[in-house]
Each structure stands twice: as structure tokens, then as C-alpha cells.
Amino acid sequence: MSDSPVSVVRALFDRVNAGEIDGAVELLAPDAVFVVPPEASAEPDTYRGHDGARRYFSGFDGILDDVRFELLEIEQVTDDTVLAATRLSGRGTTTGIPVDQDTFVLLTVRDGLVIWIKPYNERDAALAALRDRAEL
């Protein structure tokens, strides 16, 4: 029996915040998809698989120092999907200016691995997207 989606997501955040990117990647399916929409980033993109995840995390290099992904709340919203209230924080590399961004992230877990991740600026938007996805 695999770990619960909530425990997998907690472990993912713990590993990222401990600087264990390779350990975090181990919790992603080889074909995982991480969508960063325009409303969540100045550089929206879709990251695929383990190489995509590493590319995402390396994107902070030279831009933000002391990057943290704080897990504020976590809730299992379907059998395989978790809604995580998060705070991305860091400090501008050249400016030293603190950066904080709160998001609501949907993460889908299957067979103990995260297969899909997408952040939203508002909780209601994340839940609406989940409802829309369920109707497909």
C-alpha cells in the first residue's frame, strides 16, 4: 500500500526545503507535469518529468536566495488530489529585497508519486479548476 497523498506532499515540501532536490524529485513520477501559469509567475512554463523539475528549481539560481516553500495548510480534496496553501519566500539575489508569494497548489498523487502540480492565486480558483477537471 502506498503512502497517502497528504504524506507524499508533506515529504515533497520537506525535501525541497531541506535542499534535497534529488530527494524531492524521487517523489515525482517520471512523467509528472508541473504547470506554472502566468498569474503565478513572471516566467510561466510547463515543466515535465524529472529534468523539468530540476529545471524549475534551478530557475531560482541567481534570482532568489534562501528560497523556501512553506506549507501553510494541506487538505485532501479527492482520493488522489491535495490542495496545499503555500508561501514561496526568498530574498532577491542582487537587491536583498524579501519576496513572498502565497498560492494554493493542487497536487495529484498516484501510486505514491506526484503526477501533476499547478498553483493558483486563490483557493476558489483552485477548487473551480478541480471541479472542471473532474468533468472532463
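Predicted model: local features only at pLDDT ≥ 70, side-chain atom pairs only at ≥ 80, totals over all residues.
Me: Which residue does the R123 side chain meet in a salt bridge?

Reply: A salt bridge needs a side-chain nitrogen of Lys or Arg within 4 Å of a carboxyl oxygen of Asp or Glu. The partner of R123 is E75, at 2.6 Å from N to O. E75 lies in strand 3 (residues 64–76) and R123 in helix 4 (residues 123–134), so this pair ties together parts 48 residues apart in sequence. Those elements are DSSP runs, numbered from the N terminus: helices are H or I with at least four residues, strands are E with at least two. E75 counts as partly exposed, at 35% relative accessibility.

Me: How many salt bridges does the count come to?

Reply: The count is 9 salt bridges. One of them joins D45 to R55, with the closest N and O atoms 2.9 Å apart. D45 sits in strand 2 and R55 in helix 3 (residues 49–58), so the pair ties together parts 10 residues apart in sequence. D45 is partly exposed, with a relative accessible area of 29%. R55 is partly exposed too, at 41%.

Me: Which residue forms a salt bridge with R110?

Reply: D80 does, and the closest N and O atoms are 3.0 Å apart. D80 lies in the loop between strand 3 and strand 4 (81–92), and R110 in strand 5 (residues 98–110), so the pair ties together parts 30 residues apart in sequence. D80 counts as buried, at 19% relative accessibility. R110 is partly exposed, at 47%. There is also a network of salt bridges, which links D65, D66 and R91.

Me: What is the phi of D66?

Reply: Most residues other than glycine have a negative phi. D66 is not a glycine, yet its phi is positive, about 55°. D66 belongs to strand 3. D66 is exposed, with a relative accessible area of 53%. D111 also has a positive phi, near 55°, in a residue other than glycine. D111 is found in the loop between strand 5 and strand 6 (113–120) and is exposed, at 75%.

Me: How many aromatic pairs are there?

Reply: Rings of Phe, Tyr and Trp (its six-membered ring) pair if their centres lie within 6.5 Å; planes under 30 degrees apart count as stacked, over 60 as edge-to-face and the rest as tilted. The count here is 8 aromatic pairs. Take F34 and Y47: ring centres are 6.0 Å apart and planes are at 45°, so the pair is tilted. F34 is in strand 1 (residues 28–36) and Y47 in strand 2 (residues 45–48), 13 residues apart. Both F34 and Y47 are buried. Now take Y56 and F57: centres 5.1 Å apart and planes at 75°, so the pair is edge-to-face. Y56 counts as buried at 13%, and F57 does at 18%. Ring pairs link F34, Y47, Y56, F57, F60 and F69 into a cluster.

Me: Which residues of helix 3 are buried?

Reply: An α-helix has 3.6 residues a turn, so residues three or four places apart point the same way. The buried residues of helix 3 are G49, G52, A53, Y56 and F57. They cover an arc of only 135° around the axis, which puts them on the same side of helix 3. That arc is taken over the directions from the helix axis to the C-beta atoms. What covers these residues includes helix 1 (5–17), helix 2 (21–25), strand 1, strand 2 and strand 3.

Me: What does the side chain of T108 make a polar contact with?

Reply: A polar contact is a pair of N or O atoms within 3.5 Å; within protein, one must be able to donate a hydrogen and the other to accept it, and residues adjacent in sequence count only if both atoms are side-chain atoms. T108 pairs with the side chain of T81, at 3.1 Å. T108 is in strand 5 and is buried, with a relative accessible area of 2%. For contact in general, heavy atoms must lie within 4.5 Å. Leaving aside neighbours within four places in sequence, T108 is in contact with D80, T81, L113, V114, I115, W116 and R133.

Methods. Residues numbered from 1 in each chain as written. Heavy atoms only, no water. Buried < 20%, exposed > 50% of the residue type's maximum accessible area, 1.4 Å probe, protein only.
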